[in-house]
Amino acid sequence: PEEFFELSDRLKPRLYSIASSHDAHPGFVELTVGIVRFEYNNRPRGGLCTVFMADEIDTSGAPIGVFMSPTKSFILPEDKDTDIIMVGPGTGIAPFRAFMEQRVFDGGKGRNWLFFGDQSAKTEFYYKETIEDWMDSGDLYKFTTAWSRDQEEKIYVQHRLKEHGAEIWEWFENGAYFYICGDKTYMAKDVHRALIAIAEDHGGMSNEDATHFIEKTMMREQKRYLRDVY
Ligand SMILES: Cc1cc2nc3c(=O)[nH]c(=O)nc-3n(C[C@H](O)[C@H](O)[C@H](O)COP(=O)(O)OP(=O)(O)OC[C@H]3O[C@@H](n4cnc5c(N)ncnc54)[C@H](O)[C@@H]3O)c2cc1C
């Protein structure tokens, strides 16, 4: 058995976006964690770290090792008057809760537009009351949802982006930053394609120019198209 332990790899750390602003919650770090539970061969299975957090953290008394891995790039614009568009379905909302708290704290004139969604508003509307409060106070200028299973046809954030393409393009022309957080496999790619389509449809660009604008100009040169996807 000792040999087995020697051969097995060390546990890999799990990364979580910080979902709170330090200015709004001094001394605290809050996370938005989706607990991984599923069935495999008719047996209930779960994610190692998330099930530990959900079921054992309070009862085991075991110390938990954590470390910070600060991002240099996925950050708010320095100019607090710059508009931002945030696309964060599912647990992808985590950094945008922190962003919103920071924007409220900073009190700039930049507008905030959040795209959020998941399967159903009944079960996955994370931070509903907080978001409604931000809408009421005007801190959140616009809030657009995509609930994939609340109607017959599947609706995802990329569909909502295209529906609002003209306005998004206006924001881009006005210098808005664009952020995506969440699923890398499907969502981020679909949103990326939607952005290129918006540049074509509303910026009057060819597909080649639109791709260049989104991938080179906005993303690489101006660094105002930022992604934190996993
Ligand atoms: C930069 C970054 C930021 C992140 N931020 C967040 C965040 O803010 N919030 C958050 O919740 N997560 C976030 N994650 C994901 C997080 O790090 C973990 O990967 C996640 O919580 C799962 O960890 P776990 O140990 O519970 O699951 P693991 O034990 O690692 O198991 C996950 C694995 O289970 C399997 N699995 C899952 N569902 C099924 C299914 N239905 N059927 C079959 N197999 C399945 C898959 O193989 C999957 O890879 C982030 C990841 C990165 C890289």
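These are my notebook entries on what I looked up in a predicted model of one protein.

**Entry 1: the whole chain**

I began with the overall make-up. The protein has 230 residues, and 37% of them count as buried. I found 9 helices and 7 strands listed for the protein. Along the principal axes, the C-alpha atoms fill a box of roughly 65 × 40 × 35 Å.

**Entry 2: two domains**

Next I looked at the interface. On the domain 1 side, 13 residues are in contact with 12 residues of domain 2. I noted a buried area of about 930 Å² between the two domains, with carbon and sulfur atoms giving 49% of it. The rule for polar contacts finds 8 residue pairs across this interface. For salt bridges, the count between domain 1 and domain 2 is 1.

I searched the whole structure for salt bridges and got 10. Side chains of opposite charge can pair when their charged atoms come close.

I started with R97. The side chain of R97 forms a salt bridge with that of E101, with an N to O distance of 3.6 Å. I placed both residues in helix 3, which covers residues 94-106. R97 and E101 sit 4 residues apart there, about one turn of the helix. Are R97 and E101 buried or exposed? I found that both are buried.

R97 also forms a salt bridge with E30, and here the closest N and O atoms are 2.7 Å apart.

**Entry 3: a pair in helix 6**

I moved on to helix 6, residues 157-163. E163 and R160 form a salt bridge there, with the closest N and O atoms 3.1 Å apart. E163 and R160 are 3 residues apart in helix 6, so about one helical turn separates them.

I compared how open the two residues are. E163 counts as exposed because its relative accessibility is 52%, and the cut-off for exposed is over 50%. R160 counts as buried because its relative accessibility is 19%, and buried means under 20%.

Which residue does D190 meet in a salt bridge? I found R193, at an N to O distance of 2.9 Å. D190 and R193 are 3 residues apart in helix 8 (residues 187-203), so they are separated by about one helical turn. At 52% relative accessibility R193 counts as exposed. D190 has a relative accessible area of 23%, so I put it down as partly exposed. I also looked for salt bridges that share partners, and these join E30, R97 and E101 into one network.

**Entry 4: Q158**

I went back to helix 6 for Q158. Q158 counts as buried because its relative accessibility is 10%. What does the side chain of Q158 meet in a polar contact? I found the side chain of D190, at 3.2 Å. D190 is also the residue that forms the salt bridge with R193. Leaving aside neighbours within four places in sequence, I listed D190, V191 and A194 as the contacts of Q158.

**Entry 5: helix 9**

My last stop was helix 9, residues 207-221. Where does helix 9 bend? I noted a bend of about 35° at F213. F213 is one of the buried residues of helix 9, and the others are A210, I214, T217, M218 and M219.

I found helix 7 (165-173), strand 6 (177-182), helix 8 and strand 7 (225-229). K223 follows helix 9, and I noted that its phi is positive, near 50°.

Key
Residues numbered from 1 in each chain as written. Predicted model: local features only at pLDDT ≥ 70, side-chain atom pairs only at ≥ 80, totals over all residues. Heavy atoms only, no water. Salt bridge = Lys/Arg side-chain N within 4 Å of Asp/Glu carboxyl O. Helix = DSSP H or I, 4+ residues; strand = E, 2+ residues; numbered from the N terminus. Buried < 20%, exposed > 50% of the residue type's maximum accessible area, 1.4 Å probe, protein only. Bend = angle between axes of the 7 residues up to and from the residue. Contact = heavy atoms within 4.5 Å. Buried area = accessible area lost by both parts, 1.4 Å probe. Polar contact = N/O pair within 3.5 Å; in protein donor to acceptor, adjacent residues only side chain to side chain.
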